[in-house]
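This briefing is meant to be read with the sequence and the coordinates open side by side.

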Amino acid sequence: MNVIEVENIVKRYGDRLAVDGVSLTVEEGEIFAILGPNGAGKTTTVESIAGLRTPDSGTIRVHGLDPHHDRHKVRELVGVQLQESQLPDRIRVSEAVELYASFYPHPADGAALIGGLGLSDQRRTAFGKLSGGQKQRLSIALALVGNPRIAILDELTTGLDPQARRDTWDLIEAVRDRGVTIVLVTHFMEEAERLADRLALIDAGRVVALDTPAGIVGLVDAEQRLRFRPSRPFDTSILTDLAEVTNVSRTGATLTVSGSGNLVPAVTSVLARHRIEANDFRIEQAGLDDAFIALTGRPLAS
Amino acid sequence: MSFQTKVLTTEAKLFAREPGTLIVGMLLPAVVLLGIGLIFSPHLPDPAIGGKRFIDLLVPSMVVISLASLGISTMPARLVGYREKGVLRRMSTTPADPAMLLVAQVAINVLVAVGGLVVLMVAGNLAFQIPFPADLVGFVAAFMLGMSALFSIGLLVAAVAPSSAVATALIWPIFVAVMFLGGVYLPRWLLPDIAVRIGDFTPPGVQAMLDAWQGTSPQLLPLAIMALITVAAGATAVKLFRWE
């Protein structure tokens with residue numbers, strides 16, 4: 001069942017076309033990522049879904065409701081964590097959660113939420129004294145305190161250290177496991193690859209691809225690469241003779257074999273037949289990064 | 001607890017956690033009055049001002065200290081800070097209306113200003129036998145309208161200032177003018193006539209408060225001007241308020 005349906009929305013700021021005909025659907029219970037470089041229109045798209053902006057044209061339905069017309073109802077259904085939204089420095093964690101709980105008709109249990117997000121020790125800590133990771137967890141708490149059906153999380157892990165980022169990812173999966181549909185906005189390829197059931201790749205206000213992470217990577221007919229250290233020297237023509245192999249190169253003791261199709265089984269079986277052991281065997285596969293470059297002609301991180 | 005009550009109590013707690021603003025609003029007018037009274041001789045009638053005691057004429061100007069500090073300095077600065085940090089924007093993602101934050105801020109600042117007035121009156125009465133306002137109804141009207149006009153100007157600044165830096169740049173000239181014309185920096189009887197005349201009609205209308213304190217009904221024109229400023233600045237602030 002689609003809980004979010006976005007059809008051909010366009011949003012213009014002055015001369016700048018921020019969103020140029022974005023369409024997408026989000027299914028109930030999935031983690032849906034919107035991935036793209038900064039300024040691609042990701043935030044404008046989710047802010048339109050949340051009813052914070054009204055697109056110039058196109059339609060949006062959230063559980064069948066129009067976020068602009070039925071904004072009150074949509075705001076009860078959708079919890080939002082906005083990029084760079086802070087709180088007053090002196091508000092304490094428990095006060096912020098209780099305050100936000102009072103905004104909703106059927107709020108979650110604030111204390112349980114704080115505990116579940118690992119903030120029990122910070123209950124009485126002022127917002128200004130929290131670490132970056134703790135602030136983000138409080139942000140998630142505020143997005144969830146209304147018991148939303150959908151949570152929109154915008155650039156949740158930007159600015160976090162790698163450990164805090166991984167902890168946040170676990171947390172997002174735990175939230176999804178409770179039945180909340182999650183729309184995740186990110187410019188981290190790794191984040192989308194790790195969390196998303198499906199994702200929309202957005203560039204310059206348009207959806208350039210929408211599929212599972214594997215499906216998007218599969219759109220790109222990318223070369224595969226193997227690297228290994230052979231146990232003894234051998235004539236590399238036994239590899240270049242294979243149909244799957246396009247190139248073999250050597251750097252010191254390491255061989256790099258590129259090719260396509262069933263490259264891995266073809267190479268490993270030839271090596272086995274010649275009793276050559278492949279040490280430190282590594283497979284390099286195309287990722288979302290490569291897919292993004294192939295689809296847009298430039299790298300995601302820029 | 002309704003969300004309105006919750007916003008109000010939470011904002012009140014946050015306000016109380018910054019004792020500086022509370023001290024300025026509640027105590028500074030009385031402290032300045034006591035200081036002046038202790039340095040000069042408040043009990044001697046002064047022939048230069050018609051044989052009156054200067055302290056009796058000075059006391060309405062002390063009200064200006066808290067009204068200007070709260071209404072056009074700290075309250076707008078806090079609201080602009082809320083916008084700048086995304087506090088208003090975050091709240092606008094919820095079913096609750098972020099306008100409630102503004103309502104709560106105005107309510108809290110009004111309460112503190114009234115508290116500061118009461119402390120000033122009691123302190124002046126105890127220390128220097130300054131009588132309570134003779135025309136109490138006139139005084140309450142002059143105070144409320146003067147406060148409304150100043151607070152509305154403060155809200156207008158908060159509505160349009162895109163950043164804290166711009167807000168500060170807008171606030172300071174207004175603040176200094178209000179304090180000067182209100183007789184805080186120099187007693188009004190030492191100000192040039194033109195400044196006194198202007199001060200009669202600019203917020204918070206200190207002459208109207210003085211008249212009422214001394215038992216003369218305040219003139220209607222300054223009160224009407226305060227009401228007009230309140231409506232005009234307040235309505236413009238509501239119309240122009242930037243939530244992000």
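The points below are grouped by topic, beginning with the overall layout.

The model is predicted, and the values given here should be read with that in mind. Chain A is divided into domain 1, covering residues 2–218, and domain 2, covering residues 223–285. Chain B meets chain A in a contact that takes 22 residues from chain B and 27 residues from chain A. Over all chains, a search of the whole structure finds 27 salt bridges.

**Domains of chain A**

- Taken over C-alpha atoms, the centres of domain 1 of chain A and domain 2 of chain A are separated by 44 Å.

**The interface of chain B and chain A**

- The size of an interface is often given as the accessible area that is lost when the parts come together.
- Between chain B and chain A the buried area is about 2400 Å², and carbon and sulfur atoms give 55% of this area.
- On the side of chain B, the residues B:Lys85, B:Arg90 and B:Pro95 supply 32% of the area that this chain buries against chain A, which is more than any other three residues supply.
- Across the interface of chain B and chain A there are seven salt bridges, and 14 residue pairs are in polar contact, counting pairs with both residues at pLDDT 80 or more.
- The elements of chain B that give two or more residues to the side touching chain A are helix H1 (3–16) and helix H5 (87–91), and H1(B) provides the largest share of that side, with six residues.

**Salt bridges between the two chains**

- B:Lys13 forms a salt bridge with A:Glu95, with the closest N and O atoms 3.8 Å apart; because B:Lys13 lies in helix H1 of chain B and A:Glu95 lies in helix H3 (residues 93–101) of chain A, this pair joins two chains.
- B:Arg89 forms a salt bridge with A:Glu47, and here the closest N and O atoms are 2.4 Å apart.

- The side chains of A:Arg229 and A:Asp280 meet in a salt bridge at 3.0 Å, N to O; A:Arg229 lies in strand E10 of chain A and A:Asp280 in strand E13 of chain A, so the pair ties together parts that are 51 residues apart in sequence.
- Both residues of that pair are partly exposed, A:Arg229 with a relative accessible area of 34% and A:Asp280 with a relative accessible area of 49%.
- Salt bridges that share partners join A:Glu47, A:Arg53, B:Arg89 and B:Glu244 into one network.
- A:Glu284 and A:Arg225 also meet through their side chains in a salt bridge, at 3.6 Å from N to O, and this pair links distant parts of the chain, with A:Glu284 in strand E13 (residues 278–284) and A:Arg225 in strand E10 (residues 224–230), 59 residues apart.
- A:Glu284 is partly exposed, with a relative accessible area of 31%, and A:Arg225 likewise counts as partly exposed, at 35% relative accessibility.

**A buried arginine in chain A**

- A:Arg198 is found in strand E8 of chain A, and this residue is buried, with a relative accessible area of 15%.
- The side chain of A:Arg198 reaches the backbone oxygen of A:Thr25 at 2.6 Å.
- Leaving aside residues up to four places away in sequence, A:Arg198 touches a set of residues that includes A:Val26, A:Glu27, A:Glu30, A:Phe32, A:Leu210 and A:Asp211.

**Helix H11 of chain A**

- In helix H11 (residues 288–296) of chain A, the residues A:Leu288, A:Ala291 and A:Phe292 are buried; seen down the axis of H11(A), its buried residues fall within an arc of 100 degrees, so they line one face of the helix.
- The buried residues of H11(A) are covered by parts of chain A that include strand E3 (31–35), helix H7 (189–195), strand E8 (198–203) and helix H8 (213–219).
- Just after H11(A), A:Gly297 takes a positive phi of about 85 degrees.

Terms used: Residues numbered from 1 in each chain as written. Chains lettered and ligands numbered in written order. Predicted model: local features only at pLDDT ≥ 70, side-chain atom pairs only at ≥ 80, totals over all residues. Heavy atoms only, no water. Buried < 20%, exposed > 50% of the residue type's maximum accessible area, 1.4 Å probe, protein only. Helix = DSSP H or I, 4+ residues; strand = E, 2+ residues; numbered from the N terminus. Arc of directions from axis to C-beta. Contact = heavy atoms within 4.5 Å. Domains from an automatic or database assignment. Buried area = accessible area lost by both parts, 1.4 Å probe. Salt bridge = Lys/Arg side-chain N within 4 Å of Asp/Glu carboxyl O. Polar contact = N/O pair within 3.5 Å; in protein donor to acceptor, adjacent residues only side chain to side chain.
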